[in-house]
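The following paragraphs lead the reader through the architecture of a protein chain, from its sheets to the helices that cover them. Please keep the sequence and the model in view while reading.

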Amino acid sequence: MSLSNFVFTSESVSEGHPDKVSDRISDAIVDAFLGADPLSRVAVETLTTTNKIILAGEVRGPASVTKELMEQLAREAVKDIGYEQDGFHWEKSDVEIFVHAQSADIAMGVDAAGNKDEGAGDQGIMFGYACKETDELMPAPIAYSHAILRDMAAARHAGTAKGLLPDSKSQVTLKYENHKPVACTSVVVSTQHEEAYSQDEIREIVRPFVENVLPEGWMPPEEEFYVNPTGRFVIGGPDGDAGLTGRKIIVDTYGGAAPHGGGAFSGKDPTKVDRSAAYAARYLAKNVVAADIADRCTIQLAYAIGVSKPLSVYVDTHGTGNVDELKLAEALQKVMDLSPRGIREHLGLSRPIYARTAAYGHFGRKPDADGGFSWERTDLVDALKGEL
């Protein structure tokens, strides 16, 4: 039996966090390949540390995406984030690239041939989730955590938040009554800063960003508002802690409010169901909630490498639904083809739309005119209602 009254915490990390720097570089490489050839295959990981960037992985795509271009894209990503520090600098960092051709064995399972449809790029389970806690149909703790850091980064880039540097983290704890958030009990923000600024000064720089994001009257007690609780955060980014692609999978999704299959997103082309099927599961869950079929919805999809159809489609509306969950699972498979090819084509995923997803969450974002965040659309509502 689930609790209805509880407190729950989620965290976010900024675009300047070492792991997010790595995600951004990996997704810039994905975009380069898909921009040159939508059928490219990409699986690229990035390691960042003190003035060092290392790329490794497997690709199949146009020769125009050279190692020289990959290095250029890595430097441009780091520059855009804002790293020009002694320990990590977009221009001075050493870049090493160990990227080779995709395994022929994997290609044989994934590629369509004869009567065989395109198969999943790997086995695995993927989850999607939606709820009515926010307008974006996302859990409130992760939505607020992302928003605080996103607004701080925007002000830093605009030059209106003096003293702030790229690396930062946030954490929001909310009190729930009858499964609904009613108050904020604590907020933690740790942000890298210029050496001349004191902890108290950084606290007052951060305060308005938190106040503007939380609902009116939700600011926690002063003793529960923590800013740089260690007292100092000057050394940060990959110079302070090594970064790796795919190490912030809970930050990327639902902040721990929903299950996770374990697969990362960044650095992977959309034939990899770790990415595309997780997007599809969120898309379906969001449309279920947007259609008022349930207040909360979790969807699990499962795949086998080289097999086109999902092995299972599981739906849980957590006691908030108004239709039978088995019927809902059947309806979802009628309104969307959940094969890897079907997902990729329905959501238009074979495009250079991924670098923008690398920070502040892959979900709860507004769909872009060029097809970015297409999985956040709610255009299946009428079709779902028709099936049910």
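Axes are lines fitted to C-alpha atoms, for helices over the stretch in contact, and angles run from 0 to 180 degrees between N-to-C directions. The model is a predicted one, in which local features need pLDDT of at least 70 and side-chain atom pairs count only at pLDDT 80 or more, whereas totals for chains, interfaces and linings use all residues. Residues are numbered from 1 along each chain as its sequence is written, and side-chain values use heavy atoms, with hydrogens and water left out.

Thr 46, for instance, has Leu 55 in S3 as its bridge partner.

How do the two helices meet? Two packed helices are described by the angle between their axes and the distance between the axes. For H1 and H2, the axes come within 9 Å and cross at roughly 135 degrees. The two are therefore oblique to each other, given that angles under 35 degrees count as roughly parallel, over 145 as roughly antiparallel, 65 to 115 as roughly perpendicular and the rest as oblique. H1 passes H2 in a right-handed crossing; a crossing is right-handed if the near helix is turned clockwise from the far one by less than a right angle, and left-handed if anticlockwise. On the H1 side the contact includes Val 21, Arg 24 and Ile 25, and on the H2 side Met 70, Leu 73 and Asp 80 are among the residues involved. By class, the contact of H1 with H2 comprises 12 nonpolar, no polar and two charged residues. In this scheme Ala, Val, Leu, Ile, Met, Phe, Trp, Tyr, Cys and Pro count as nonpolar, Asp, Glu, Lys and Arg as charged, and the others, Gly among them, as polar.

A further open sheet has four strands in the order S1-S6-S7-S8, again with mixed pairing. S1 (6-13) and S8 form its edges, each pairing on one side only. On average, neighbouring strands of this sheet are turned by 15 degrees against each other, direction ignored. S6 (residues 164-177) and S7 (residues 180-193) run antiparallel and are joined by 11 bridges. Along this pair, Gln 171 stands opposite Val 188 in S7, and Leu 174 stands opposite Cys 184 in S7. The hairpin of S6 and S7 has two residues between the strands, and Asn 178 there takes a positive phi near 55 degrees. S7 and S8, by contrast, run parallel and are joined by three bridges. Val 188 has Tyr 226 as its bridge partner in S8.

Helix H4 lies across S1, S6 and S7, at about 155 degrees to S6. H5 also packs on the sheet, touching S6, S7 and S8, and its direction makes about 125 degrees with that of S8. H4 (residues 140-158) and H5 (residues 199-213) pack at an angle of about 135 degrees, with their axes 9 Å apart. They are therefore oblique to each other, and their crossing is right-handed. Tyr 144, Ala 147, Ile 148, Asp 151, Met 152 and Ala 155 in H4 meet Val 206, Phe 209, Val 210 and Val 213 in H5. This contact of H4 with H5 has nine nonpolar, no polar and one charged residues.

Finally, the structure holds 10 aromatic pairs; rings of Phe, Tyr and Trp (its six-membered ring) pair if their centres lie within 6.5 Å, and planes under 30 degrees apart count as stacked, over 60 as edge-to-face and the rest as tilted. One of these pairs, Tyr 144 with Trp 218, is edge-to-face, at 6.3 Å centre to centre and 90 degrees between the planes. Tyr 144 lies in helix H4 and Trp 218 in the loop between H5 and strand S8 (225-227), so the pair ties together parts that are 74 residues apart in sequence.

Notes:
Contact = heavy atoms within 4.5 Å. Pairing = 2+ DSSP bridges.
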